[in-house]
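The sequence and structure follow.

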Amino acid sequence: MSNLIVIVFDDVEEAGKVKQALKSIEGGGYISFDDSAVVTKDEEGKVHIHDEIDRGVAVGALGGSALGLLIGGLVFPIGGLLIGAAGGAAVGALLDKGIQKDFIKEVSESMGPNSSALFVIVREADPTMALAALRPYKGKVIQSSLPPEAEKELRRILSQRIE
């Protein structure tokens, strides 16, 4: 089961740093994401969305590319690949269970200037490694679908900067 976690930071760069810290343990198989986004709000209050991952669209495009290549393989391989990728991405977008744009907008409206937020949908994670990666950062959990004890520990870790 995937879990949605939204953390807001009082620094415009902090969410990006946290995402990189989590991505660094992803390579070791300690965490995997279904979707993520970093949202920043500049000093004028303008919202910027960065580094979106949408696993549904990516998987759809990859699967569609392979299917298009197989189907169009002999007749027009490049055209089949491109058509399959576009169709697969469209199917992935329709099946998207990622972070909803309206939700991102709602959270960003409540953020102060020069702040950032990290939105992640975590498919699976080693809690010990994930919490260790978060220890150097200070933020506020504003949304979570984690079990109560796990959310409590996450809030505790993020309420204090442990270096």
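Arginine 156 is partly exposed, with a relative accessible area of 38% (buried is under 20%, exposed over 50% and partly exposed in between, with a 1.4 Å probe and protein chains only). The model is predicted, so local features need pLDDT of at least 70 and side-chain atom pairs count only at pLDDT 80 or more, while totals for chains, interfaces and linings use all residues. Residues are numbered from 1 along each chain as its sequence is written, and side-chain values use heavy atoms, without hydrogens and water.

The side chain of arginine 156 forms a salt bridge with that of glutamate 153, at 2.7 Å from N to O (a side-chain nitrogen of Lys or Arg within 4 Å of a carboxyl oxygen of Asp or Glu). Both residues lie in helix α6, 3 residues apart, about one turn of the helix (helices are DSSP runs of H or I with at least four residues, strands runs of E with at least two, numbered from the N terminus). Glutamate 151 and arginine 155 also meet in a salt bridge, at 2.6 Å from N to O; here glutamate 151 is buried at 16% relative accessibility, whereas arginine 155 is partly exposed at 35%.

The structure holds 4 salt bridges. One of them joins the side chains of arginine 123 and aspartate 34, at 2.7 Å from N to O, and links strand β4 to strand β2 (residues 31-41) across 89 residues of the chain. Aspartate 34 is buried at 18% relative accessible area, while arginine 123 is partly exposed at 27%.
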